[in-house]
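Here are my notes on this model, point by point. Have the structure open while you read.

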Amino acid sequence: MPPLPYPLPLLPLLAIIPAFSLGFSLLRSVLSAFASRYARMACRRIHGPEWEASNGAKISKFGESFFKLACHSSAAGFGYARLSTADWYVSTVKIWAQQDRWVPPTAIHVYYLLQIAYNLEAFAHLLSYSVRFSRKPAAPFVTVSRLPTMRGDFKEMFVHHVCTDLLLLLSYRYQFLRIGCLILLLHDTSDVPIDIAKMCNFLKFKAATAFFFFLIVVFWIWQRIYLFPSKVLYSVMFETTTDLVPDRPEYYDPATFWYKFVKTGFSVLLIALYLLHIFWLHTFVKMGYALVFKGETHDLSV
């Protein structure tokens with residue numbers, strides 16, 4: 001396989017991703033409908049027909065969480081299987097070795113493109129269920145109105161999707177796939193217990209919800225609060241300045257465009273993600289405190 005051009009042209013990328021995103025949208029519809037159907041049947045047997053009739057929205061959300069679980073668990077399994085044998089999986093300083101000569105396997109390219117498509121589709125889905133864009137005939141501007149189905153943390157999720165999608169697109173264009181794959185693996189594995197906890201919560205399985213909520217906190221602290229800044233963020237900010245890419249002095253020369261804008265941009269976006277991780281950990285702690293000391297439950301769907 002010949003080396004890819006550097007940086008990668010964006011036009012071929014932008015032509016492929018919409019097709020993948022449409023595929024994920026179709027998969028969301030199919031899996032959500034399938035899971036909601038069987039969740040409805042289970043709820044009818046466990047909680048009775050009255051509970052089923054009055055909790056249609058939660059049963060539908062169960063289907064959405066099932067779709068996310070299928071995507072996150074598949075991505076996490078594939079990512080771990082492919083990355084765990086790489087020498088740079090345990091030594092992040094090797095991520096940048098011969099960066100301009102490293103040719104990613106075809107499977108990694110497809111994996112990365114699917115991740116981009118999934119996240120862009122998720123962003124579009126978030127917007128479609130949260131805001132409505134409209135414009136009156138005489139008005140010069142488009143107005144944005146809030147929908148009743150808007151998430152409680154919509155603003156944070158909006159920022160999260162903007163940062164994530166920019167990081168994915170830029171890292172693919174500049175072929176920083178090794179560090180990008182590590183970031184995706186950290187996020188996908190910590191998302192799996194969240195999806196399962198939501199599914200248990202929607203169906204009112206309290207013991208299972210409490211167990212997976214505990215796993216959420218453990219995975220979140222270990223992967224997003226500790227590993228993310230100590231391995232990923234540190235590597236992007238400091239290990240790229242070592243002399244590992246002799247043919248690319250712009251990687252560690254503060255006077256160049258790459259160092260001033262590309263590296264700085266990646267660092268700022270990653271720091272923004274980390275701050276959101278801290279915000280959501282604070283939310284989890286409040287939810288756990290209310291559950292343990294006040295006996296209050298919280299709708300994990302927000």
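1. Let's start with helix α5. Its buried residues are Phe154, Met157, His160, His161, Cys163, Thr164, Asp165, Leu167, Leu168, Ser171 and Tyr172. Here buried means under 20% relative accessible area, exposed over 50%, and partly exposed in between, with a 1.4 Å probe and protein chains only. Helices (H or I, at least four residues) and strands (E, at least two) are DSSP runs, numbered from the N terminus.

2. Before going further, the ground rules. This is a predicted model, where local features need pLDDT of at least 70 and side-chain atom pairs count only at pLDDT 80 or more, while totals for chains, interfaces and linings use all residues. Residues are numbered from 1 along each chain as its sequence is written, and side-chain values use heavy atoms, with hydrogens and water left out.

3. The length of α5 checks out: residues 154-173 make 20 residues, which at 1.5 Å a residue should span 28 Å, and the end C-alpha atoms are 28 Å apart. The expected span of a helix is taken as 1.5 Å times one less than its number of residues. Just after α5, look at Gln175, with its positive phi of about 60 degrees.

4. Now the surface. Phe158, Val159, Val162, Leu166 and Leu170 form a nonpolar patch there, with about 350 Å² of accessible area together. Patches are made of residues with over 30% relative accessible area and no salt bridge; like charges are joined within 9 Å, and nonpolar side chains (Val, Leu, Ile, Met, Phe, Trp, Tyr) within 5 Å. Areas come from the Shrake-Rupley method with a 1.4 Å probe, and for residues only the protein chains shown count as cover. Phe158 sits in α5 and is partly exposed, at 34% relative accessible area.

5. Which residues does Gln115 touch, leaving out those up to four places away in sequence? They are Ala75, Leu168, Leu184 and Asp188, where contact means heavy atoms within 4.5 Å. Gln115 belongs to helix α4 (residues 106-128) and is buried, with a relative accessible area of 5%.

6. On to charges. The whole structure has four salt bridges, each being a side-chain nitrogen of Lys or Arg within 4 Å of a carboxyl oxygen of Asp or Glu. Arg28 pairs with Glu121, closest N and O atoms 2.9 Å apart. Arg28 lies in α1 and Glu121 in α4, so this bridge ties together parts that are 93 residues apart in sequence. Both Arg28 and Glu121 are buried.

7. Arg224 and Asp191 also form a salt bridge, with closest N and O atoms 2.9 Å apart. Since Arg224 is in α7 and Asp191 in α6, the pair links parts that are 33 residues apart in sequence. Arg224 is buried, and so is Asp191. Shared partners join Arg28, Glu64 and Glu121 into one salt-bridge network.

8. The Arg151 and Asp153 bridge has its closest N and O atoms 2.8 Å apart. Arg151 is buried at 18% relative accessible area, and Asp153 is buried at 10%.

9. Two spots around α6 (residues 177-202). Lys204, in the loop between α6 and α7 (206-238), has a positive phi near 65 degrees and is partly exposed at 34%.

10. On the record side, the unreviewed UniProt entry lists residues 12-35, 207-227 and 257-281 under "transmembrane region". UniProt positions are in the numbering used here, feature names are shortened, and annotations may be inferred rather than shown by experiment. In the model, residues 207-227 are 100% helix and 0% strand, with end C-alpha atoms 29 Å apart.

11. Finally, the overall picture: eight helices and two strands, running α-α-α-α-β-β-α-α-α-α from the N terminus. Of the 302 residues, 45% count as buried.
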